[in-house]
Amino acid sequence: MKTTRTQPVVALLLCFAMMQFATQAKDSGYTVIYDGGSLPGLKSGAKMKMYIESGGIRLMDDKGKTTVVPSTVTEVSYGQDVHRRVGTAIAVGVFTLGLGALTALSKSKKHFVGLTWAAGDTKGGFAMQCDKNDYRGVLAGLEGVTGKKAVDSEAMTVKN
């Protein structure tokens, strides 16, 4: 069998592609930012990696991991925080008047997902900020493993 010069290159490219696929498959979690809740030892603003699996919802940070059993989840909620970029507009407006006015009209959105659970006497919950590209995937994953439909927090009304 005669070999050509391109065979080693093709083999190398194939090997590289397989390594990339294995790396992506191994790290299939979502990067989220803890916004607050009842998770012990975590402060607001801490970055975490969230893995949604059938056996549990794992949250990992630098100090360790927390697992929430999907069958104990009582509610999945979502919402957005929208605000105008006034500070940025003022800073840009100092140098260019037209761009400052346009920047003041733009909006910034943050996407939040909340999770509450109850296992016997142990109850808890937390809110996390998701990347705009991961937001829908996180919701779909949580709805899938918990069997709970996500509730829009803007539509909820609180009665005292």
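User: Leaving aside its neighbours within four places in sequence, which residues is Met48 in contact with?
Analyst: In this predicted model, Met48 lies in strand E2, which covers residues 47–53. Once the neighbours within four places in sequence are set aside, the contacts of Met48 are with Tyr30, Thr31, Val32, Tyr34, Leu42, Leu59, Met60 and Asp61.

User: Is Met48 buried or exposed, and what is its relative accessible area?
Analyst: Buried residues are those under 20% relative accessible area. Met48 falls under that cut-off and therefore counts as buried, its relative accessible area being 3%.

User: What distance separates the C-alpha atoms of Met48 and Tyr30?
Analyst: Tyr30 is among the residues in contact with Met48, although the two are 18 residues apart along the chain. Taken from C-alpha to C-alpha, their separation is 8.3 Å.

User: In the largest nonpolar core, which residues have the most contacts inside it?
Analyst: This core holds 22 residues. Within it, the residues with the most contacts are Val113, Phe126, Met128 and Leu142.

User: Which element gives the most to this core?
Analyst: The elements that contribute two or more residues to the core are the strands E1 (30–37), E2, E3 (56–60), E5 (73–84), E6 (107–119) and E7 (122–130), together with helix H4 (135–146). The one that gives the most, with four residues, is H4.

User: Which residues does Phe126 contact, leaving aside its neighbours within four places in sequence?
Analyst: Phe126 is one of the residues with the most contacts inside the largest nonpolar core, and one of its partners, Val113, is named in that group as well. With neighbours within four places in sequence left aside, Phe126 is in contact with Tyr34, Gly36, Gly37, Leu39, Leu59, Val113, Gly114, Leu115 and Trp117.

User: How far apart are the end C-alpha atoms of H4, and what should its residues span?
Analyst: H4 has 12 residues, and at 1.5 Å a residue these should span 16 Å.

User: Within what arc do the buried residues of H4 fall, seen down its axis?
Analyst: The buried residues of H4 are Tyr135, Val138, Leu139, Leu142 and Thr146. Seen down the helix axis, they line one face of H4, because their directions fall within an arc of 95°. An α-helix has 3.6 residues a turn, so residues three or four places apart point the same way. On the face turned away from the buried side, H4 carries the exposed residues Arg136 and Gly144, whereas the arc of the buried residues is 95°.

User: Which residue just after H4 takes a positive phi?
Analyst: The phi in question is about 80°, and it belongs to the residue that comes just after H4, namely Gly147.

User: Which side chain is joined to that of His111 by a polar contact, and at what distance?
Analyst: His111 has its place in strand E6 and is buried, with a relative accessible area of 11%. Residues that His111 touches, beyond those up to four places away in sequence, include Gly79, Gln80, Met128 and Tyr135. The polar contact joins the side chain of His111 to that of Gln80, at 3.3 Å.

User: How far apart in space are Ile33 and Cys130, C-alpha to C-alpha?
Analyst: Ile33 lies in strand E1 and counts as partly exposed, at 28% relative accessibility. Its contacts, leaving aside neighbours within four places in sequence, include Ala127, Met128 and Gln129. Ile33 and Cys130 are 97 residues apart in sequence, while their C-alpha separation in space is 6.7 Å.

Terms used:
Residues numbered from 1 in each chain as written. Predicted model: local features only at pLDDT ≥ 70, side-chain atom pairs only at ≥ 80, totals over all residues. Heavy atoms only, no water. Buried < 20%, exposed > 50% of the residue type's maximum accessible area, 1.4 Å probe, protein only. Contact = heavy atoms within 4.5 Å. Core = buried A, V, L, I, M, F, W, Y, C linked by side-chain atoms within 4.5 Å. Expected span 1.5 Å × (residues − 1). Arc of directions from axis to C-beta. Polar contact = N/O pair within 3.5 Å; in protein donor to acceptor, adjacent residues only side chain to side chain.
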